[in-house]
Amino acid sequence: MTPTDHRCDALGIRDIETVVAAVRRARELPDTHRFNFVTLHDTGKAPGAPRRALASIVDRADGTVSEAVVNLPDGEVISFVDIPGAVPPLLYEEAFLASITTREDDRWRAAMRRRGITDFDSIQLDPWPPGWFGEPEDDRRLARVLSYRRDFPEDNGYAHPIEGVVVWIDLEKNEVARFEDHGVVPVPPDPANYRTVDVEPRTDRAPLEITQPDGPGFTVDGNHLSWQRWDLRITLHAITGLTLHDVGYHDPAVRRRRSIAHQLGLSEMVVPYGDVAAAHNWKNAFDCGEWGLGRMTNSLTLGCDCLGVIHYLDAVLVGEQGEPRVIENAICIHEEDFGILWKHLDMHSGTVEVRRRRRLVVSAIHTVGNYEYGFYWYFYEDGTIAHEVKLTGIVQVKARPTHAHDPYSNPIGEGLAAPHHQHLFCYRLDLDVDGPDNIVEEIEVATVPAGPDNPRSNGFLAEVTRFGSEHDAMRLIDSSTARRWRVSNPSVRNAVGQPVAYELHPPSTPVLHALDSSSIAARAAFATRNLWVTPYDRTEHRAAGDYPSQHPGGDGLARWTAGNRSLGDGDGGGDVVLWHTFGVTHLVRPEDWPVMPVEVKGFSLVPFGFFDRNPALDVAPQPGHC
Ligand code: CO
């Protein structure tokens, strides 16, 4: 099989053209139809599974969403169905129109005048997904628009939030559905700009150059990446972003390629805010499902976003009018030195062996309104796969008198504060450890009661609990017991007779802080647990459902796991998918302003008896050094 006929070969310009033409041929579509997204369609794991695309289309006039599955490369339409009740992600076109409608509204203009603002054109207007609270307007397709003052075109508007004004726009009628003014609070006065024209760069950095005179150690063929013993495929999903497929390791000890994962990637993320004020208590952004994270992928710049010898992959998405949309340099691939890999000084003979740690990095960065999110996958020579989210950009803000009592936000400037919030990411980790038939266990350290079996009270052991069904596997992180989760293949044994396995080592991280009775707990049920495990189903990809916009909740993981499906019993196990939610609770610091330094959070997939001994023992020493 060549890279050009693989089921997860990335979509190209011709593919998008084929899909759009097929959709328009199959149905007479009104002029008001728009494309939400075109992505690769999951056609399952069977050998020779076809390569297909999924197109999501909306009729802007009435919000009707339909989905077509199109075979590639021939353009045969396999299915074309309406999706009742689905609300699509906000279209850029609609966001633009919502700002025009807001700017022309008399009530909004009067509210600006009450705050001493008369230059309406200079106001930055940010549309927000409205959430769902069962209010009368919620059966209309909405955005809520917030206002920020810019004192010049490049000014950081988030330094000057216009507090209390929330304009609900009906996206289909282009009209104001509700206008709220919760009262005048002075607009924070101080500028907070961060560009080199605003901040004189310091001069204390010595040059640091990363060179690989013989080129990088990886090869890329289409979207297929090989590095040392690793190989995988890479795509950029229009909604969920960076996705890895068919991750395998060529193990010289057993002289074959061993599968580790069928697919790894973000499934959904949500940013719930903890501020109870009326102007803020509805803020919950699903940056995948409501915004289309993949559509907001940056074009990366060599030497700035990525340092060293870089290979970039472009991504091809669909524009709303059906045109191919190329994001150049969307995915960055490079190698990094990462300290030491292993070392030992033998104190008896004086011999020293030390190896440098090298990692392969696959990354992409997205801008969602005020925030940036970088997603980084790492592959190591010791068999570890790790993932990090890097959060940066500008925090959400509110205006409040500097010394006012407000336990739901932290002050960051004169009359300016940032509400408490979380960023919670749910990853779909379809591990296939040496094949699809795996079992999942929880490992926890238990102390042993003092007594004859533990005479010095020092004993602890690892307790292993197998998950029999989905409800067993709805779990929280517990750092106090070193809790982790193991995916093993009982039919493949290592040198000491154990099933070969990989473990998910989660970070220390909370779940959703909002009450179970909140709207967001129902809509983002995935965020109420750190772990879920489901039997593999190729239709189950998006943890909050395929269309979370204005959804009252209960879709996605909550719905799939309601029947408490079996995760396999007996010796054989089954094909399972792990869903891992982690994130940060952001109690904003003054140092996060006006652009926050990168905050990092992530997890590791660590081999546990997958290899018989340290697989990086044979890594070569640094030439000429050690
Ligand atoms: Co934050």
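At 10% relative accessibility, Ala86 counts as buried, where buried means under 20% relative accessible area, exposed over 50% and partly exposed in between, with a 1.4 Å probe and protein chains only. Before I go on, please keep in mind that this is a predicted model, in which local features need pLDDT of at least 70 and side-chain atom pairs count only at pLDDT 80 or more, while totals for chains, interfaces and linings use all residues. Residues are numbered from 1 along each chain as its sequence is written, and side-chain values use heavy atoms, with hydrogens and water left out.

Ala86 sits in the loop between strand E4 (77-82) and helix H2 (92-104); helices (H or I, at least four residues) and strands (E, at least two) are DSSP runs, numbered from the N terminus. Leaving aside residues up to four places away in sequence, Ala86 touches Gly63, Val65 and Tyr547, contact meaning heavy atoms within 4.5 Å.

Turning to the domains, whose bounds come from an automatic or database domain assignment, the chain is divided into domain 1 (13-82), domain 2 (92-187) and domain 3 (218-273 + 284-395 + 420-607). The centres of domain 1 and domain 3, taken over C-alpha atoms, are 29 Å apart, and 20 residues of domain 1 are in contact with 23 residues of domain 3.

Next comes helix H3 (residues 106-114), whose buried residues are Trp108, Ala111 and Met112. They cover an arc of only 100° around the axis, which puts them on the same side of H3, the arc being that of the directions from the helix axis to the C-beta atoms. These buried residues pack against H2 and against strands E5 (123-128), E6 (142-149), E7 (165-170) and E8 (175-181). Just after H3, Gly116 takes a positive phi of about 75°.

Finally, which residues are the protein donors of the cobalt ion? They are Tyr371 (OH), His421 (NE2), His423 (NE2) and His586 (ND1), lying 1.9 to 2.0 Å from the ion, where donors are N, O and S atoms within 2.8 Å of the metal (3.2 Å for Na, K and Ca), and water is not among the atoms, so sites may look incomplete. Along the chain, the donors follow the spacing Y-x49-H-x1-H-x162-H. His421 lies in strand E23 (residues 421-431) and His586 in strand E29 (residues 576-586), so the pair ties together parts that are 165 residues apart in sequence. Both His421 and His586 are buried.
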